[in-house]
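Me: I'm new to reading protein models, and I'd like a close look at the charged side chains and then at what surrounds them. Could you take me through it slowly?

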Amino acid sequence: MEILEYYKLSDEKKEYWKNELLKCDWDAGQYLHSLLDNGEFKSFCGENAEVLLAVEGDSLTAFCTLAEHDEIVSDEMKPWIGFVYTFPQFRGRRLSGLLTERAVGLAAEAGYEYVYVSSEEKGLYEKYGFEFLSDAMSEHGYMTQIFRRKLK
């Protein structure tokens, strides 16, 4: 298994992996594909945003993003780990943890003090060193939780 950074790939490889996102049964994965396909990902998520892809051979196993903007509107809180998904046949292998750690590393390299996650999941991000920060209303109109992890 290796983790690829989408925006560091050749155009041909970007096209291949972007199309692999279409196999995702999660609406948010389809939305991510749409943002990439329409060239809107960076304008939506921030110019320094990245898509991390966990792959085995020619199979996409999991993915996530590291972005300046997510579903919680805040100028103070950034960056955000989002769109975290593991394909069903690859679950139980801690791929989301590996992706999260890569995203945390990239955020630390960029000089951030914290990294954030918005999620309804309880117990998932805490095992990766995140702490519950608060409940918040997402820009989509539902309540979610904000978790953060100190980087330094």
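Which side chain meets that of Asp37 in a salt bridge, and what is the N to O distance?

Reply: Happy to! Before we start, keep in mind that this is a predicted model: local features need pLDDT of at least 70 and side-chain atom pairs count only at pLDDT 80 or more, while totals for chains, interfaces and linings use all residues. Residues are numbered from 1 along each chain as its sequence is written, and side-chain values use heavy atoms, leaving out hydrogens and water.

The partner of Asp37 is Lys18, and their side chains meet in a salt bridge of 2.7 Å, N to O. The term salt bridge stands for a side-chain nitrogen of Lys or Arg within 4 Å of a carboxyl oxygen of Asp or Glu. In general, side chains of opposite charge can pair when their charged atoms come close. This pair links distant parts of the chain, 19 residues apart: Asp37 belongs to helix H2 (residues 27–37) and Lys18 to helix H1 (residues 11–20). The labels come from DSSP runs numbered from the N terminus, with helices (H or I) of at least four residues and strands (E) of at least two. Asp37 is partly exposed, at 41% relative accessible area, whereas Lys18 counts as buried at 5%. Here buried means under 20% relative accessible area, exposed over 50% and partly exposed in between, with a 1.4 Å probe and protein chains only.

A search of the whole structure finds 9 salt bridges. One of them joins Arg102 and Glu5, at 3.7 Å from N to O. Arg102 lies in helix H4 and Glu5 in strand E1, so this pair ties together parts that are 97 residues apart in sequence. Arg102 is partly exposed, with 32% relative accessible area, while Glu5 is buried at 15%. Another pair is Glu20 and Lys23, whose side chains meet at 3.1 Å, N to O. Glu20 is buried at 9% relative accessibility, and Lys23 is exposed at 58%.

As a rule, an α-helix has 3.6 residues a turn, so residues three or four places apart point the same way.

Lys42 lies over the face of Tyr7, at 4.2 Å from the ring centre, and Arg148 lies over the face of Tyr114, at 4.1 Å. To qualify, NZ of Lys or CZ of Arg must be within 6 Å of the ring centre and within 35 degrees of the ring normal.

Rings of Phe, Tyr and Trp (its six-membered ring) pair if their centres lie within 6.5 Å; planes under 30 degrees apart are stacked, over 60 edge-to-face and the rest tilted. The ring centres of Tyr114 and Tyr116 are 6.3 Å apart with planes at 45 degrees, so this pair is tilted. Both Tyr114 and Tyr116 are buried. Phe132 and Phe147 pair edge-to-face, 6.0 Å centre to centre with 75 degrees between the planes. Phe132 is partly exposed at 41% relative accessibility, but Phe147 is buried at 0%. Elsewhere, Trp26, Phe63, Tyr85 and Phe87 form one aromatic cluster.

Let's finish with the backbone. Most residues other than glycine have a negative phi, and most peptide bonds are trans. Phe83, in strand E4, has a positive phi near 50 degrees. Arg94, in the loop between E4 and H4, has a positive phi near 60 degrees. The peptide bond from Lys78 to Pro79 is cis, with omega near 0 degrees, and Pro79 is found in the loop between E3 and E4.
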